[in-house]
Amino acid sequence: MYIVRLAYTLAVVCCVLSLQAQVKTGTQRYYLSGTDKDHTVPWDFYCTKGRNSGKWTTIPVPSNWELQGFGEYTYGRGQKKIGEQGLYKYTFTASKEWKGKKLFLVFEGSMTDTEVKINGKAAGPIHQGGFYQFRYDVTALVKSGSNLLEVKVSKVSADQSVYHAESDGDFWAMGGIYRPVYLEIKPEAYIDRVTIDAKADGTFHIDVYTGRASTNQTLQVQIRPLGGAQTGNTLSAPVDTKADKTSLTGIFSSVKTWNPESPNLYEAIISMRDKKGDVHTIYQRFGFRTVEVRKRDGIYVNGARVIFKGVNRHSFWPESGRTLSKAISILDVKLIKDMNMNAVRMSHYPPDQHFLDVCDSLGLFVLDELTGWQAKYDTEPGRKLVKELIVRDVNHPSIVLWANGNEGGWNTALDDDFPKYDIQQRFVYHPWEKFRGTDTKHYPDYNYVTNAALYGNEIYFPTEFMHGLYDGGHAAGLDDFWNAMLAHPYGAGGFLWSFHDEGVVRHDKGDSIDTNSNSAPDGIVGPHREKEASYFAVKEIWSPVYIGRRSIPENFDGKLEIENRYLYTNLDQCTFHWKLVSLASPFAKDIAGKVNAAGAAKSVQLPPGGKGILDLSLPADWHSSDILYLTAIDPHQQEIFTWSWPLQAPAAIAARYISSNSTSIQIQESTSTLTVVADGIQYFFDTSSGYLTQVITPAATISLSNGPSHTGVRHTLRKFEHHREGDRYIIEPVYDGESFFSVKWTFVPGQPARLDYSYSQRGESDFMGISFRLPESTVTGMKWLGRGPYRVWKNRTKGMQFGIWEKKYNNTITGESWNYPEFKGYHAGIYWVQVQTSGSPFTIYTGNENVFLQMLTPQRPKGAYNEFTNPPFPEADISFLQAIAPIGTKFQDAKVMGPQSQKNIMMNYTPVQGTLWFDFTTRPER
């Protein structure tokens, strides 16, 4: 026992000594500010203009001062330059242990021109450039004991090129010290920084930049997997005192490469040593991977041709502006990956360091970008900022390309500055133009994509496409675009615009969220990352497991054609789980249904790009269930996607709820109205139009009226026919008009009213079907069996699951309010819908497949300056449609967005036939 205790004590002592050695020889970080939006430190503050200006008070640091009640909110794009300044003061105490050490004052980000003084003396030149990390050597300025740090931040840069590139862009222009500020304390002889080039074949090269090193010092580099033991031999070399860097090279065997699907990370431990031991030690994460841009071929990472499934991301949060946290970075990367994306573009400036750390560890390709939106930095300030960009970000394995500005905001004189600081010599491109064998044209229409695939010689990857203003873009039209892009012989994918609505809380406007009209509600998620419908459609379209089957045939053998669209992962690393479900009644409180059977599909070995068969091994009685669900799980145990297929026809489902008894039908006639009384329910018909005008039940009056009308087509009533057939009563209005339209109501004792309709339609149309009116003020919600829970457009039907759904009424306008899913709009695959009203609910069953439901009409966004993102709806409240309208994007009408985005044309002259049952009986939920 004594020996065990002694061993334990020695282990603890060694651990403590090791930690003490690390503190003594490592870089210490002493925060003067807080670390993120949730952990701040108050500094003295004075704002020169705008709200709460002209007085000394305090402000949390880091923060944007607009969100703290100071100055004025400013959006870019030529808006008025307020030009306020923020004066900061903070007193800190220098530790005695700092004596003989090098002190560096680091700003992670300050918007924009930043003048720094310590104890009344300038720390260095004014820094210009709001999105970059910068530092000063303040060793000579910091004294023992108390020290005063003074910072003056000008929101508008004195350099016009910096102003136009950063504050005049298409995003919010915020002021203040919005990222952390800290002191780095290093030994007198120190390692300043390192740059690493680690190839997929294990080749490793590192440049170590040192300060005040001497000839008797050496550098040692050890490599280990993150959290693991050392890999290979230690690299060692004497410090090169004649240069600012010392280079070391080695080859490591059996390394695990980094890619977004398997983001394997390593750590380099770099030590400066002398005869007494370690002088300074730092730690640097990196990954082994090789990036190649092969002209007239593609972009390759680790020898695999890359298809970017990407999105553009701004660094923003409504309550804190550009002051974020690692928690938000993790949230965003997880959401991006959950959509089956593998890439993110930093638009239009470098992000927080922790966001890149998360991309490294969770796995996303990153396109990192020098700021510039349709305006560029002048060469002199630009060269300083290129260096700052790359010096900070060079070692992130997630970064595979550099972008020099955006949309004309590139200074070509800076292109060759990037490789000066990038040991990996990553490719530099210009977003929006053809450059060095790449074509990144923004917002192409479908014709451009198909022509690029046919005739283009450049590597094609639009760095902005499918502009997601309001509910347009993103997944609307993406299915067509993606198929065309995959057909490009040199295609490398693309990047949707954009990840989230850039909405800011306006304390000067009642704490409302402002997206500057239609400038910034472009996201696939809302300001607080609320998921829009396109989120789920993208998740299906970009699923690395592709299953194209749309329906299940009667002779289904449980085998599905499947395609592996991963870049690196064999499908035998994924698992597939199925379940067979029987549906609940429309009148059941619990809408979940009953799981009849569940199981796992047989493992399928399929390399990237391969096609094969997935055998579900379903039980013999699978067809007795109502729905088949199939969920794919990736190697990290995350859901890839869940597919769903109905197994019963709509008429079969409806038949379960249509009962019969011997109650008789009564008729009442007046000069203008025919009333049918069945099962105590009164149906009123206008004999001059043939339309149903209202329904009165024992519980309520339901103002379902003006229908059925042939949606969007004019007809006049020629005669109103009605008669009795045995115990049935038939109403058949006869119409004349632009096309054939037939209506037949059948009332059978004890059954819901049955409506059979038929129509034909010539030419192009936005929608096809029948419609009714129902006052919106009476609608409180709906429950339905179909695909949900989100609404759809003609060119965005994917992503929804088949099942029973329920939602309460809302008047959400996508991108202007964020109570999702939206209530109003088109809904797909309807079998039945229970309309909940302030009076009494009623249920409508369909007897046909592929029926769309129009539930009311969405309100037009206030910022909609054209009709592209405001598609047409029937002049009705409830419609049952065989065709619906597509939606366009901010810049393009739907008609130029591909086959699925065209107007509707009847496939032949055979009339469409449909059946609906209207159930107005009141049944308690059970």
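Biologist: Where in this predicted model does His474 sit?

Modeller: His474 lies in the loop that runs between strand S32 (459-460) and helix H8 (478-486).

Biologist: Why is His474 called buried?

Modeller: Buried means under 20% relative accessible area. His474 has a relative accessible area of 1%, so it counts as buried.

Biologist: And what makes the phi of His474 worth a look?

Modeller: Most residues other than glycine have a negative phi. His474 is not a glycine, yet its phi is positive, about 50°.

Biologist: Which value does phi take in Asp511?

Modeller: Asp511 is also a residue other than glycine, and its phi is positive, near 60°. You can find Asp511 in the loop between S34 and strand S35 (512-514).

Biologist: Why is Asp511 called partly exposed?

Modeller: The label covers what falls between the 20% limit for buried and the 50% limit for exposed. Asp511 has a relative accessible area of 47%, so it is partly exposed.

Biologist: Let's turn to peptide bonds. What makes the bond from Trp497 to Ser498 stand out?

Modeller: Most peptide bonds are trans. The bond from Trp497 to Ser498 is cis, with omega near -10°. Ser498 belongs to the loop between strand S33 (493-496) and strand S34 (504-506).

Biologist: What kind of peptide bond joins Gly707 and Pro708?

Modeller: A cis one, with omega at about 5°. Pro708 is part of strand S48 (residues 705-710).

Biologist: Now to His127. Is it buried or exposed, and how do you know?

Modeller: The limit for buried is under 20%. His127 has 8% relative accessibility, so it counts as buried. Its place is the loop between strand S8 (121-122) and strand S9 (134-137).

Biologist: What makes the pair His127 and Glu388 a polar contact?

Modeller: A polar contact needs N or O atoms within 3.5 Å, one able to donate a hydrogen and the other to accept it. The side chains of His127 and Glu388 are joined by such a contact, at 2.8 Å. Beyond its sequence neighbours within four places, His127 is in contact with several residues, among them Thr112, Tyr132, Phe134 and Leu385.

Biologist: Why does Ile336 count as buried?

Modeller: Set its value against the limit of under 20%. Ile336 has 0% relative accessibility, so it is buried. This residue is found in helix H3 (residues 326-338).

Biologist: Which residues does Ile336 contact, leaving aside its neighbours within four places in sequence?

Modeller: They include Val311, Met341, Leu364 and Phe499. The C-alpha atoms of Ile336 and Tyr535 are 9.2 Å apart, although 199 residues separate the two along the chain.

Biologist: Let's step back to the whole chain. How many helices and strands are there?

Modeller: The chain has 10 helices and 60 strands.

Biologist: And how do you know that the chain is as compact as a globular protein of that length?

Modeller: Compare two values: the globule rule gives 29 Å for 926 residues, and the radius of gyration of the chain is 33 Å, which is close, so the chain is as compact as a globular protein of that length. Along its principal axes the C-alpha trace spans about 110 × 70 × 65 Å.

Biologist: What share of the chain is buried?

Modeller: Of the 926 residues, 59% are buried. Among contacts with a separation of 6 or more, 68% are between residues 24 or more positions apart.

Technical notes. Residues numbered from 1 in each chain as written. Predicted model: local features only at pLDDT ≥ 70, side-chain atom pairs only at ≥ 80, totals over all residues. Heavy atoms only, no water. Helix = DSSP H or I, 4+ residues; strand = E, 2+ residues; numbered from the N terminus. Buried < 20%, exposed > 50% of the residue type's maximum accessible area, 1.4 Å probe, protein only. Contact = heavy atoms within 4.5 Å. Rg over C-alpha atoms; globule rule 2.2 N^0.38 Å.
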